[in-house]
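Here is a brief report on one structure. Keep the sequence and the 3D view at hand while reading.

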Amino acid sequence: MRPADIGPPAEEASVKCPWTTTRTLRTGLTSLLAALLVGSLAPAAHAASEPKPVSAPAPAQSWPGNKQNKTGGTDYYIDATLGHDTAAGTSPKNAWRSLAKANATTFEPGDRILLKAGEQWQNEQLWPKGSGSEGKPITISAYGDKRAGRPYIATNGNVPSPFNADGTKNPQTVGLTGAIVLRNQQYWDIDNVELSNDDDFATDITKGTYVRDGIMVSINADLFADGADTVMDHFRISDIYVHNLDGPSSWQKIHYGAVDFQVFGSKSYKAYPAGGYHFSDVRIENNTFENVELHAVQFAFNWFAADSADSGQYDEAGKWHEGWEQLWVRTRDLYSRDVYIGHNYAKSIGQGAFQLADSQRMTVEYNEVNGFLERYNAVSCGLYLWAGADSTMQYNEVYGGPDNEYDGTPWDLEYTNFNVTYQYNYSHDNAAGWMAYMGNSSNSVARYNLSVNDNGVLVKNMLSTNYAPTYFTNNTFVYDGADLSSVHDETFLSRVYFLNNIFYNTSETTPTPWYRRTGALRQAVFSNNDYYEASGTHSTQEPADPDGLRTDPKFVGDPADYVTGAGVNKIRKAAAHFTLRKDSPLIDAGRYNAHLGTEDFLGTHLYYGDAPDIGIAESKVGRKVAHPVDDNPIEDETDNRVNLALGKSVTASSTHPGANGSLGAEKLTDGNLSTRWAAADDASYPITLDIDFGADTTFDQVYLDEYTDSGTNPRVQSFELQRWDTATGSWVTFATRDSGVGHDLTVTGFGSVTTSKLRVALTSQIATEQYTPSLTEISVYRAGE
């Protein structure tokens, strides 16, 4: 949560933002005021010899160290001015002086390390030894004058390098890069401290190898004794202020940030046992992060061999995952779990503010990001989880994102996520767009989110097929069509459902640009959405939506006067601005689906009346439907034509032997565009695919679809369609094409063909492609059936 005296008061939260703003818009007038207020309270860049800057305001209550230790452990006091390392350290009058004294001590469960408020430790790092136990964590906190500022550790970049001389990672020093360090330790609470770790933040580091953290908590898989516990439990990080961490604006293959949890291992993940090497029971809350690189909060694995040739793997569906996608975290049960990240404020973050990975049962809520990717010219997003599972991102606010060609969005449905939901989030004034969307995931859901002036790409990328459909439901998008790049920029490769969303285009001159690639929406199903164009002119690209509306939603508030500056503790104030008036045509105009969840952005039950409303807020109009039932599943609304090839036997002249045998020709007639057949690398042309109907079958349309992903382009240059002539015992060509296949190619114009077998003969490959073709489906239809 943003400190109470940083930012504008609640009554000044609403700010009018004209729609003529460019995509470099960061925030409105109120956000500028907030930035000025924060700047007046934030520390300036400093060198080791400079005095301690004014820190973020201290809590109004007394410091925790002034209260009795209720765990039964021993309290150790450190006073940088009056302490002595030869003292006992067990009372304020007999305090230690240096952090080195604590670093040389192994603490016991229940002990507390108490730093005197108002004191500072320049050029020092705190790495106390030992672990707590259940119910008796070891604590780092503050004591002393409640009017003094937080105790301040200014490490000034004096940490060991995690790299060897040749640039490779050093197994002995990775993870030792924080102002506070914990390695292979557990049951720790850290609160009420101020940290920085840069000698000159005013000078941006743009090259070299520098890794500097605020708090670095690591698991080093190589340093455990045989039989040791490799799961590190219980961490609490709260009420800390971390600022001024710098590093080069390039990827060094080691993450760093204000609060950093990482797992290191010098060998391949295959060399370590499954089921360990993760964090459990972590809470990071009520912290302030400002001017830090790369991240405000970060969770990740950092295996040294993750990029090696054998680090990738095929999944059970035959999909290939690069090692960096970290499917192995799931298959080897290495997820960190039961992680809570909430009520944190992050301002001016170099890369992605909250970059979270490799976690299960993670809740990320009420975090505010004010500017990200500010000093790092590469892909990342504001707040997101990748290679995660069973997790929820909710009630977060992100704004001030860059104009980025690749990601740069506030949110991201990333690679290798399973059952990850984004709900009740508010993003605004992000120039790159709204949501990045990568693929190789299952059951991704984005519902009841509010997006205002995210004028880049609303749903950005789609680089691989998914295991299961993705659902975008009841989101409200308010954008300037003249400034919007497109709703989608690539091609949806597997099923995506858009239900009950509002697409509100404020431009009075330019209709909504829906896509930049032909066939981009081929796998997208739109139902019961509202498409409002302020100009009155609808785009010719607008998707088919038989139950959709084209009308003014009639919001309670003026969309041009949206709320900023209120803070995440009042995020529903921003949402309430976009509730529907009682006379809105969107009330009861939506469609129920179980993926809507159980309540709207404002906490209202779903649903009331004859059907859910369209948009982020449900009106209490009509009777309450206590237990909704989906009696008209949108998932059943597929192509009603009869696919005459569905389930029929297929024989290929060549099949790739890899992917655990999952690339067989039978995938071409299974009706699933997420599965595929592939030819062997040494296949010779023509490559033939023969479908046996089992009896004479009449058709006049043949549908073909190639497989593509982030590293796979269409590969077929030319092909022929042939029928089996029983009388002559030979194949007869009835259609020829030399313009490729690509996606969703329906071949017609050859009249009506009757045959018991169909052959698709791939006769040549695109000259610039190295590998042989891969197709997802062959379908056969007869008009009118």
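The sections below cover a sheet, the cavities and the aromatic contacts of this predicted model.

## An open sheet

4 strands make up an open sheet with antiparallel pairing. Their order is S41-S48-S43-S46. Strands S41 (677-678) and S46 (745-747) are at the edges. Each has a single partner strand, so one side of each lacks a neighbour in the sheet.

S43 (residues 701-706) and S48 (residues 774-781) are joined by 6 bridges. Leu704 has Ile778 in S48 as its bridge partner.

## Cavities

There are 4 cavities of 30 Å³ or more.

## Aromatic pairs

The structure contains 47 aromatic pairs. One of them is Tyr77 with Tyr143, edge-to-face at 4.8 Å centre to centre and 85 degrees between the planes. Tyr77 is in strand S1 and Tyr143 in strand S4, 66 residues apart. Tyr77 is buried at 10% relative accessible area, and Tyr143 is buried at 5%.

Tyr424 and Tyr448 form a tilted pair, with centres 6.5 Å apart and planes at 45 degrees. Both lie in loops, so the pair ties together parts 24 residues apart in sequence. Tyr424 is buried at 4% relative accessibility; Tyr448 is buried at 0%.

## Cluster and charges over rings

One aromatic cluster includes Trp434, Tyr437, Phe472 and Trp514. Elsewhere, charges sit over rings. Arg283 lies over the face of Tyr340, 4.1 Å from the ring centre. The charged end of Arg330 is over the ring of Phe418, at 3.7 Å from its centre.

Technical notes. Residues are numbered from 1 along each chain as its sequence is written. This is a predicted model: local features need pLDDT of at least 70, side-chain atom pairs count only at pLDDT 80 or more; totals for chains, interfaces and linings use all residues. Side-chain values use heavy atoms; hydrogens and water are left out. Two strands pair if DSSP finds at least two bridges between them. Helices (H or I, at least four residues) and strands (E, at least two) are DSSP runs, numbered from the N terminus. On a 1 Å grid over the protein atoms alone, a cavity is a set of points where a 1.4 Å probe fits but cannot get out, and a pocket is an open set with protein on both sides within 12 Å along at least five of seven lines; lining residues have an atom within 4 Å of a point. Grid points are joined across faces, edges and corners, and a volume is the space filled by probe spheres set on the points. Rings of Phe, Tyr and Trp (its six-membered ring) pair if their centres lie within 6.5 Å; planes under 30 degrees apart count as stacked, over 60 as edge-to-face and the rest as tilted. Buried means under 20% relative accessible area, exposed over 50%, partly exposed in between (1.4 Å probe, protein chains only). A charge sits over a ring if NZ of Lys or CZ of Arg is within 6 Å of the ring centre and within 35 degrees of the ring normal.
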